[in-house]
Amino acid sequence: MHGDAKPRIIEDIVTQHAEEAAFLWLLRDAAVRQPHYDLSDLAELDERVEAHLDGLRIAGEGGWAICEQALEIGEPGEIFTAAVLAFEGENGARVDNVVTVGSLAEETTRALVSALGWLSDSQVRHWISRLIAANSPTYRRLGIAACAIHRIDPGSALAVALDDPESRFQSRALRAVGELKRRDLLPALHTRFKAEDSGCRFWAAWSAALLGERKAVTVLEAFSSVDNPYRERAMDLLLRIVDTKHARGFLTDLSKYPEALRHVIRGTCIVGDPVAIPWLVQQMDNAEHARVAGEAISMITGVDIAYEDLEGEWPAEYEAGPTENPEDEDVAMDVDEDLPWPDGQRVLAWWEGRKQTLVGGNRYLCGEPINVQHCEAVLRTGFQRQRRAAALELGLRQGDAPLFNVSAPGFRQQSALAKLG
């Protein structure tokens with residue numbers, strides 16, 4: 001074959017590469033938040049995504065043509081796949097095409113950002129300055145998001161972004177301040193604590209809390225007390241930055257509302273005090289909350305309920321997720337689908353034999369007191385939700401170090417952890 005000849009492709013195989021890359025990305029997009037994936041699982045899944053992307057790269061123009069056609073579907077997986085090829089190829093027209101389709105909804109915008117996260121540092125740096133300087137707020141938002149997920153400081157451009165009139169762009173910039181630990185922008189965060197836009201208000205407080213600002217507590221408490229899109233993220237930080245007495249008081253007040261019980265259980269594992277374990281075992285009598293109570297105990301003690309044979313039977317009368325009844329209007333998925341079903345008596349017996357190893361009044365994560373060394377160990381071996389908790393704990397302890405990104409491609413995370421020693 002001559003050097004300038006186009007590679008000959010087998011269309012069915014290249015189409016399969018595109019379909020598999022899109023499908024596997026959907027799996028990994030969910031996996032970064034699921035309780036049964038650890039870093040090795042995520043890295044293995046990412047390697048499968050990369051293998052299919054490589055098949056598309058090798059196919060050259062034919063690979064792009066198939067991805068471009070799949071863009072018409074408008075689904076996140078197809079947008080991610082096409083966006084990786086477009087950004088890697090440094091083709092402005094293709095990037096414009098992908099961004100136009102991908103920016104129509106939040107879930108597809110996330111696919112665009114994930115594609116930027118997939119690029120190497122050298123590849124993404126080529127785009128960052130161009131994206132941030134663009135006239136379109138959509139492109140500027142992508143530029144700041146690319147900096148944040150690669151933990152690349154955009155310098156003065158971040159301060160400029162905080163004053164952008166487009167609220168979604170401004171809120172992404174406010175979040176980046178915390179992720180990148182831009183302590184010099186803390187005064188700007190203070191001015192957004194009462195912002196009209198809830199996203200700007202939340203991310204300003206979230207970033208300020210990561211930077212050690214106690215004034216953020218009031219804002220985070222407001223978001224943690226009522227249902228809103230930021231409630232879980234708010235509690236994740238609030239209950240880590242206040243003292244144990246304050247945290248217990250907050251959860252006690254919240255427990256007065258039966259509909260908030262799930263949040264109280266989650267909050268209890270964030271606090272990490274083993275004195276709450278008997279209460280968590282009691283919550284296993286409630287089928288709706290049994291699995292999340294088991295996860296809370298795992299988060300505190302490090303026990304693997306499935307591995308230690310502490311599982312029970314699914315209650316015959318309990319239904320979760322969509323049913324086969326055509327008249328049932330509830331189509332929400334079972335949020336605890338991937339958690340084991342604990343047997344309360346077995347868990348209690350297990351705890352009775354080990355409770356002397358954890359001291360009440362202290363905070364624990366995965367069975368050990370929370371410190372830098374242990375959090376780094378959890379980042380290497382824990383499940384994704386445990387790793388997310390460890391990253392936040394580290395972020396609060398390492399003043400100027402960027403927040404570890406547990407959603408980054410697994411191979412990049414492994415490389416970063418190897419550098420920690």
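1. Let me start with R125, which is partly exposed at 48% relative accessibility (buried means under 20% relative accessible area, exposed over 50%, partly exposed in between, with a 1.4 Å probe and protein chains only). R125 sits in helix α7, residues 121-132; helices here are DSSP runs of H or I with at least four residues, strands are runs of E with at least two, and both are numbered from the N terminus. Between R125 and L24 there are 101 residues in sequence and 26 Å in space, C-alpha to C-alpha.

2. A word on the basis of these values. This is a predicted model, where local features need pLDDT of at least 70 and side-chain atom pairs count only at pLDDT 80 or more, while totals for chains, interfaces and linings use all residues. Residues are numbered from 1 along each chain as its sequence is written, and side-chain values use heavy atoms, with hydrogens and water left out.

3. On to the cysteines. A search of the whole structure turns up 0 disulfides, a disulfide being a pair of cysteine sulfur atoms within 2.5 Å. For C366, the nearest cysteine sulfur belongs to C375 and is 9.1 Å away. C366 is buried, with a relative accessible area of 17%, and C67 also counts as buried, at 3% relative accessibility.

4. The model has 2 cavities of 30 Å³ or more. A cavity here is a set of points, on a 1 Å grid over the protein atoms alone, where a 1.4 Å probe fits but cannot get out; lining residues have an atom within 4 Å of a point. Grid points are joined across faces, edges and corners, and a volume is the space filled by probe spheres set on the points.

5. The largest cavity has a volume of about 40 Å³. Its lining consists of R240, C269, I270, M299, R363, Y364, L365, I370, A389 and E393. At least two lining residues come from each of α16 (261-271), β1 (364-365) and α21 (384-397). By class, this lining has 7 nonpolar, no polar and 3 charged residues (Ala, Val, Leu, Ile, Met, Phe, Trp, Tyr, Cys and Pro count as nonpolar, Asp, Glu, Lys and Arg as charged, and the others, Gly among them, as polar).

6. The second largest cavity has a volume of about 30 Å³. Around the second largest cavity you will find S103, T109, T138, R141, L142 and R168. Helix α8 (residues 137-150) gives the most to this lining, with 3 residues. The lining of the second largest cavity divides into 1 nonpolar, 3 polar and 2 charged residues.

Terms used:
1 Å grid on protein atoms, 1.4 Å probe; cavity = no way out; pocket = protein on both sides within 12 Å on 5 of 7 lines; lining within 4 Å.
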